[in-house]
Amino acid sequence: MNIASNIAKSPSTGFLLAEARQARGYSLDDVAETTGLTVEEVTALENDADFDKSRIRRTAAALGVLDRISDAYRA
């Protein structure tokens, strides 16, 4: 058995954002309006297609998960 296969993968930033949004019962429109982003931008973040630190921090803060995202995005 490969040792690497025993290591649990951390959820992606996009997954964390989507999970937090859904857990709070927010729509994409809700998050977009709160953060000042477009629905397309929020969708791109959730799909790990956008890695803009500012947008990630803004969205994570709005969803209350800033402490759960990678240190690379908090700087």
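The axes of helix 1 (residues 13-23) and helix 4 (53-63) come within 10 Å and cross at roughly 30 degrees. Axes here are lines fitted to C-alpha atoms, for helices over the stretch in contact, and the angles run from 0 to 180 degrees between N-to-C directions. This is a predicted model, in which local features need pLDDT of at least 70 and side-chain atom pairs count only at pLDDT 80 or more, while totals for chains, interfaces and linings use all residues. Residues are numbered from 1 along each chain as its sequence is written, and side-chain values use heavy atoms, with hydrogens and water left out.

Now for the whole protein. It has five helices and zero strands, so the order from the N terminus is α-α-α-α-α. Helices (H or I, at least four residues) and strands (E, at least two) are DSSP runs, numbered from the N terminus. Of the 75 residues, 31% count as buried; buried means under 20% relative accessible area, exposed over 50%, and partly exposed in between (1.4 Å probe, protein chains only). The protein exposes about 4800 Å², and carbon and sulfur atoms supply 51% of that area. Accessible areas come from the Shrake-Rupley method with a 1.4 Å probe, and for residues only the protein chains shown count as cover. Among contacts (heavy atoms within 4.5 Å) between residues at least 6 apart in sequence, 45% join residues at least 24 apart.

### How the helices pack

Two packed helices are described by the angle between their axes and the distance between the axes.

| Helix pair | Axis distance | Axis angle |
|---|---|---|
| Helix 1 and helix 4 | within 10 Å | roughly 30 degrees |
| Helix 2 and helix 4 | within 10 Å | roughly 110 degrees |
| Helix 2 and helix 3 | 8 Å | about 110 degrees |

Let's return to the opening pair. Helix 1 passes helix 4 in a left-handed crossing; a crossing is left-handed if the near helix is turned anticlockwise from the far one by less than a right angle, and right-handed if clockwise. Thr13, Leu17, Ala20 and Arg21 of helix 1 meet Ile56, Thr59, Ala60 and Leu63 of helix 4. By class, this contact has five nonpolar, two polar and one charged residues. In this scheme Ala, Val, Leu, Ile, Met, Phe, Trp, Tyr, Cys and Pro count as nonpolar, Asp, Glu, Lys and Arg as charged, and the others, Gly among them, as polar.

Helix 2 (residues 28-35) also meets helix 4, and the two are roughly perpendicular to each other. Angles under 35 degrees count as roughly parallel, over 145 as roughly antiparallel, 65 to 115 as roughly perpendicular and the rest as oblique. The crossing of helix 2 and helix 4 is right-handed. On the helix 2 side, Val31, Thr34 and Thr35 take part, and they meet Arg58, Thr59, Ala62 and Leu63 in helix 4. These residues divide into three nonpolar, three polar and one charged.

Helix 2 and helix 3 (39-46) are likewise roughly perpendicular to each other. Leu28, Asp29, Val31, Ala32 and Thr35 in helix 2 meet Val39, Val42, Thr43 and Glu46 in helix 3. Here the residues divide into five nonpolar, two polar and two charged.

### What is buried, and under what

In helix 1, the buried residues are Thr13, Gly14, Leu16, Leu17, Ala18, Ala20 and Arg21. Their cover includes helix 2, helix 3, helix 4 and helix 5 (71-74). In helix 3, Val42, Ala44, Leu45 and Glu46 are buried, and the cover over them includes helix 1, helix 2 and helix 4.

### Loops and individual residues

Helix 1 is followed by Gly25, whose phi is positive, near 75 degrees. Most residues other than glycine have a negative phi. Asp48 lies in the loop between helix 3 and helix 4 and is partly exposed, with a relative accessible area of 28%.

Asn47 is found in the loop between helix 3 and helix 4 too, and is exposed at 55% relative accessible area. The C-alpha atoms of Asn47 and Thr13 are separated by 8.9 Å, with the two residues 34 apart along the chain.

Ala61 lies in helix 4 and counts as partly exposed, at 45% relative accessibility. Ala61 and Thr35 are 26 residues apart in sequence and 9.2 Å apart in space, C-alpha to C-alpha.
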